[in-house]
Structure formats: structure tokens, C-alpha cells
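Hi,

Here is the structure I promised to pass on. Have a look at it first, then read my notes below.

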Amino acid sequence: MNFLKSLCTTVCSTLLLSANAHVPFLKPNQFHVLHNRFQVESSFTEYPFQADFAMDAPEYLLFSPKGIQTTLTPTARLKAANYLEPSLTDSGTYRIHAALRKGPLYKAIETIEGKLYFADDMKTKQGKPTTLQYFSSADTYVLWGTQGYTTTLVGKGVEIIPQAAPNQINIGKPVQFSIYFNGKPAPSARVVVVYDNEHFDKYRTEDLYDVENVRKSNIIADKHGNFTFTARKAGLVLLFVNIHQKINDSLWESYNSSVSLEVNPAFIRTSN
């Protein structure tokens, strides 16, 4: 089966996951780095950006404004999160990447409609037994000094790549992104948009993983894997993508990735 046919089939199919599923994220304490007390939190969350348990990636990578790659070693590994303290030497935008991590293998069932259920949902659904292999990765971008940006691609799992430096996102200002899966454009991939602490603003019942959810903020990439994000509020925002592939009758794979960004207030001109 060719890549595009396989990807379209799995992105458009319905995979229902547990309400307790978590999403990976990286969160800097500064998106515009102004002092040397700079750190990045690596964790999983159900409600961004509250760290629930550490995302212990097999490798952490730092991409310089010129695209030069170096490996980062966590300075602290705690139960709720790992912490990185990258050294920034060149002026510009840096990409920080938590490499693809192979997670748990879950028991699951696939219904006659092609829907997949696992965990507690298996008790109320009927279908043939199968399994779900979970994978995760995450990104964030920070600015040190003046603007300068080079797009980079790892080529493994899901990657949400800004087409221009993402350090000056303002409310109402469109920003262009591209989604890749294993280094190739991911057509029709769904982007879940989650603002920091939004669960305090409204009661949320749907799971971020649930491809049946109809969040008004969801974005669908075009046939080339490109999409436009226009922020509606200032603060931290998480863009999350998951792509599912049916490998065979006994195995599905779930690839999950996010990019954490900072949205600035809309520019307001004041008169003297």
C-alpha cells in the first residue's frame, strides 16, 4: 500500500481512545530568552500545560538558527517531568525536539465499523481483538536575540513545522505550518488547538485524542499537509496532531506529537 493511500485511510478512520489519554509537550519557562535561568519542561498532560508524568524521550535535540543539531542531556529527571537547560550561543530561533519515543502496547478491539477502543471502553463495545502501539514526540521554539530561522526536519514520526519563525505570533495574525509524517507531507491531518488552562474556562468532556470530537478550534491540513493557525487569545497554546496506522489485523500504531508556542496580545497603537 502506498504512503498517501495508507495515511489517508488511517487519518480519516475513527480511533477512539481512553478519556485518560495524555499528550506529550515541551514547555520553556521563557519563549523569548532574556536571562540565563532558561529551562524546558518535558512531560505528558491531560490538561495543557499541567505536567502529569515525565516524558523521558530517547533523545533531546537542539537545532540552532542555522539548523545545526546538538544533543541535550536532561539536568533533572523527576516523576512529573524532565528538565533541560540548553545553552544558546547564536542569535535567532531555536527548535527543541523530544525525539520519537515508543510507549506502551495496549490491548484493544476493532469494531465492524473500523473504530478502535481500548482500556475501559472495551467493556461496553464489541469487536475483534487487536493491539495499539503508542509513540510520542514533541517540539517547541524559543528566540534568543534577534530573529533568524531555518526549518529543520528529523524525518521520524509526526512533525509540526512552522514555515517562518514562530516567535512573533499575535492574536488574529495568521501563521503557516506544515505537518510531516516520517519525513513526508501528511495530507488531511487533524490539528487540535488547546490554550493554556482552557479547561477552567469551560467544561470539556471530549478527549484530545478522540478523532470524533468536533472542537470548533480544530484545523484540518490541506492535501499537502499545510495549515494556517490564527490565534484567538494570548498566552500559551498547544498544537497537537495524532496519526494512526493500521499495520495489520492485530496491530495499530498511534503517532502523537505537539508543538508549544506563545501568543502575544494584538498590537495596540496608543496616541501620545
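**What I found**

Let's start with the overall fold: among contacts (heavy atoms within 4.5 Å) in the protein between residues at least 6 apart in sequence, 69% join residues at least 24 apart. Two helices and 20 strands turn up in the protein; these are DSSP runs, H or I of at least four residues for helices and E of at least two for strands, numbered from the N terminus.

A word on the ground rules. This is a predicted model, where local features need pLDDT of at least 70 and side-chain atom pairs count only at pLDDT 80 or more, while totals for chains, interfaces and linings use all residues. Residues are numbered from 1 along each chain as its sequence is written, and side-chain values use heavy atoms, with hydrogens and water left out.

The pLDDT (the predictor's confidence in each residue, from 0 to 100) averages 86 over the protein, and 85% of the residues score at least 70. It is below 50 over residues 1-19, a stretch that still has 51 contacts beyond near neighbours in sequence. Residues 268-272 are also below 50, with zero such contacts.

Now find strand β18, residues 226-230. Strand β14 (residues 174-181) pairs with β18 in the antiparallel sense over five bridges; pairing takes at least two bridges found by DSSP. Phe229 in β18 is the bridge partner of Val175.

Cheers

Notes
Buried means under 20% relative accessible area, exposed over 50%, partly exposed in between (1.4 Å probe, protein chains only).
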